[in-house]
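These are my notebook entries on the model below.

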Amino acid sequence: MPQLMRTSNPALSGDAFRTGEIAYGEGMTITGAVNKTGILVILCVATAAWTWNRFFGAAAISPEAAAQSVALPMVAGGIGGFIVAMVTIFKKEWSVITAPIYALLEGLILGGVSAMLEMRFHGIAIQAVALTFGVLVAMLLAYRSGLIKVNDKLRLGIVAATGGIAVFYFLQFILGFFHVQFLTAVNGATPLGIGFSIVVVIIAALNLVLDFDLIENGARYGAPKYMEWYSAFALMITLVWLYFEILRLLAKMRER
């Protein structure tokens with residue numbers, strides 16, 4: 001596998017398709033990966049809808065009851081999703097089972113967070129969903145048409161930018177336990193905060209292009225059939241991140 005096949009998505013590292021197996025018979029295809037991605041999206045939407053309905057059902061009692069009704073599912077989704085993601089990354093052949101589980105768990109978080117913001121900013125959830133899939137289609141068209149060409153410089157730039165964002169979020173998370181304020185302005189509805197979110201959304205969108213390129217190369221090199229599920233799982237990671245960042249950007253803009 002060429003060394004150039006690199007992405008900032010942890011599930012699609014440069015050696016993601018080096019499974020040590022030869023795909024005898026039917027191997028991975030792009031169509032198969034797309035179909036599996038569709039299945040994972042449906043599963044994610046299903047649990048998101050369940051959490052959403054649970055939240056607004058309890059909201060008839062009080063906002064506090066609504067928040068409490070989704071607290072446990074969201075925690076289970078967050079912790080469980082992280083564990084399943086790690087297992088999937090290290091055991092790609094298990095992705096036939098773990099990828100759907102990951103999608104179901106992520107839906108619990110998406111539904112809860114979306115419902116909470118929907119109560120505060122009516123219509124924000126459907127806007128975020130529409131923009132996420134709009135960006136997905138736009139980036140796919142840009143990639144397929146050759147408008148965005150994946151090369152070493154683009155890969156390096158996106159990987160570096162994504163890594164920087166990850167480090168920044170991690171520092172904020174850790175320092176928050178010690179009540180240390182670290183560039184908190186980027187979290188608010190300030191021009192700096194909105195500008196930061198726009199940059200992060202752009203970087204998340206560009207990660208989709210790297211994912212498309214790596215999946216295409218996986219199919220070209222004849223990866224095993226189960227890699228379709230693994231590729232779909234990897235795309236879900238980027239899509240979930242993109243959705244959250246778009247939701248965050250819209251919330252900031254609504255606050256102004």
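This is a predicted model: local features need pLDDT of at least 70, side-chain atom pairs count only at pLDDT 80 or more; totals for chains, interfaces and linings use all residues.

I located Phe178 in the loop between helix H5 (152-176) and helix H6 (191-220). I then noted that Phe178 belongs to a nonpolar surface patch of about 810 Å².

I next turned to the charged side chains. Side chains of opposite charge can pair when their charged atoms come close. My search of the whole structure returned eight salt bridges.

I examined Glu216, which forms a salt bridge with Arg144, with 2.7 Å between the closest N and O atoms. Glu216 lies in helix H6 and Arg144 in helix H4 (residues 124-145), so this pair ties together parts that are 72 residues apart in sequence. I recorded Arg144 as exposed, at 55% relative accessibility.

Glu216 also meets Arg220 in a salt bridge, at 3.9 Å from N to O. These two are four residues apart in helix H6, a separation of about one helical turn. Arg220 is exposed, with a relative accessible area of 55%.

In helix H5, I checked Asp152 and Arg155, which are three residues apart, or about one helical turn. Their side chains form a salt bridge at 3.7 Å, N to O. Which of the two is buried? Arg155 is buried, at 7% relative accessibility, whereas Asp152 is partly exposed at 43%.

Finally, I recorded a network of salt bridges that links Lys36, Lys225 and Glu228.

Notes: Residues are numbered from 1 along each chain as its sequence is written. Side-chain values use heavy atoms; hydrogens and water are left out. Patches are made of residues with over 30% relative accessible area and no salt bridge: like charges are joined within 9 Å, nonpolar side chains (Val, Leu, Ile, Met, Phe, Trp, Tyr) within 5 Å. Accessible areas come from the Shrake-Rupley method with a 1.4 Å probe; for residues, only the protein chains shown count as cover. A salt bridge is a side-chain nitrogen of Lys or Arg within 4 Å of a carboxyl oxygen of Asp or Glu. Buried means under 20% relative accessible area, exposed over 50%, partly exposed in between (1.4 Å probe, protein chains only).
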